[in-house]
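Please keep the sequence and the structure in view while reading.

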Amino acid sequence: MDVHQQELIARTASLFLTGEYSDLTITCGDRDFMVHRTFICPASKDLAARCDRTFKEGPHSVIHLKEDNPNAVECMLQYMYIGDYYDTDDNKLEAFVASSDRSTPISSRIPTPETDQANVIGCVKSSNNASDALDQTAKAPMPVNVSALTKNVFVYQVAHKYDIPLLKSLAQTKFQLRAAGEWAPEDIISILPKVYAATSESDRGLRQIMLDVCLRSTEYLMCHKGFRSMLKGHASMCFDILDAVQMRSEEREDDDAALKAKQAKLKRVIEWTKTQERVFKEVIVAHSNCSSC
């Protein structure tokens, strides 16, 4: 991304931060976001329909999102303006807009041990393969950022609610990058119920990531009183974990069976090779004793 594109992003980000020329207010909790229908309506048909209804009341529309998480709504709006969002609580977007240096792209870094997993922005744009980023963090895992994980859960939820599939995919990728860190039992107890509360039974995106996290230390978690107590109130969660454990057990059995089959095949090959070698030696001996040779 060249300096001109960076400047364009900075200008649109500035419109979001300042609310200048705003023609739409989105309220959520105790926060008011002064935004622009030009950015909001094309991104979400649901919000566009609400804008159309409220526009009849006056030139400056107001939309109330009473049931949503304000931080998640802010991230959703950030995405509508710059195609990405920050999942940390600092003011990196403000710093980028205020900076005169456009040489460092806003979406240039992904979480690594060196950056303390604090810059999960542009993870789709900056990495050709999300698994490459996971490999980077897996080399030296750091404690997970529970606050950032929580924010990504709520962003995933609002993206689904307002039918913004690319934002939903981005939130899942950011969540997965964050999940590559080191989890304490208390972290799992905090995040797992939020994931299940924010997603439906058929939506396996974040749920599967958390099930994989649980499977890393199932034996320890099952002995943890807090984890066991949490499971008592979540039947679907308990079922999914048991199902995941069963599937892993079956996979291991399949792997063991496949390994045994390979070993048996290798043994047959070795025996066949020894037989052929013995036959070859017998032929050589017979040929050396042949009077006509």
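In this predicted model, Thr27 is paired through a bridge with Asp32, a residue of strand S2. Strand S1, residues 24-28, and strand S2, residues 31-35, run antiparallel and are joined by five bridges.

**The hairpin**
- Two residues separate S1 from S2 in the hairpin that they form.
- Gly29 lies in the turn and has a positive phi of about 60°.

**The protein as a whole**
- The protein contains 14 helices and three strands.
- Of its 293 residues, 41% are buried.
- Among contacts with a separation of 6 or more, 68% are between residues 24 or more positions apart.
- The accessible surface is about 16,700 Å², and carbon and sulfur atoms account for 54% of that surface.

**Asp68, a loop residue**
- Asp68 is found in the loop that runs between strand S3 (61-64) and helix H4 (70-82).
- Is Asp68 buried or exposed? Its relative accessibility is 12%, and the cut-off for a buried residue is under 20%, so Asp68 counts as buried.
- The side chain of Asp68 makes a polar contact of 3.0 Å with the side chain of Lys161.
- Another polar contact, of 2.4 Å, links the side chains of Asp68 and Tyr162.
- Leaving aside residues up to four places away in sequence, Asp68 touches Cys28, Val73 and Val158, as well as Lys161 and Tyr162.

**Helix H13**
- Helix H13 spans residues 225-232, and its buried residues include Phe227, Met230 and Leu231.
- Why do these three residues lie on the same side of H13? They cover an arc of only 100° around the axis, and therefore they share one side of the helix.
- As a general rule, an α-helix has 3.6 residues a turn, so residues three or four places apart point the same way.
- The exposed residues Lys225 and Lys232 are carried on the face of H13 that is turned away from the buried side.

**Asp243 in helix H14**
- Asp243 belongs to helix H14, which comprises residues 235-288.
- With a relative accessible area of 36%, Asp243 is partly exposed.
- How far apart in space are Asp243 and Leu211? From C-alpha to C-alpha the distance is 9.8 Å, while in sequence Asp243 and Leu211 are 32 residues apart.

How values were computed: Residues are numbered from 1 along each chain as its sequence is written. This is a predicted model: local features need pLDDT of at least 70, side-chain atom pairs count only at pLDDT 80 or more; totals for chains, interfaces and linings use all residues. Side-chain values use heavy atoms; hydrogens and water are left out. Helices (H or I, at least four residues) and strands (E, at least two) are DSSP runs, numbered from the N terminus. Buried means under 20% relative accessible area, exposed over 50%, partly exposed in between (1.4 Å probe, protein chains only). A polar contact is a pair of N or O atoms within 3.5 Å; within protein, one must be able to donate a hydrogen and the other to accept it, and residues adjacent in sequence count only if both atoms are side-chain atoms. Contact means heavy atoms within 4.5 Å. Accessible areas come from the Shrake-Rupley method with a 1.4 Å probe; for residues, only the protein chains shown count as cover. Two strands pair if DSSP finds at least two bridges between them. The arc is that of the directions from the helix axis to the C-beta atoms.
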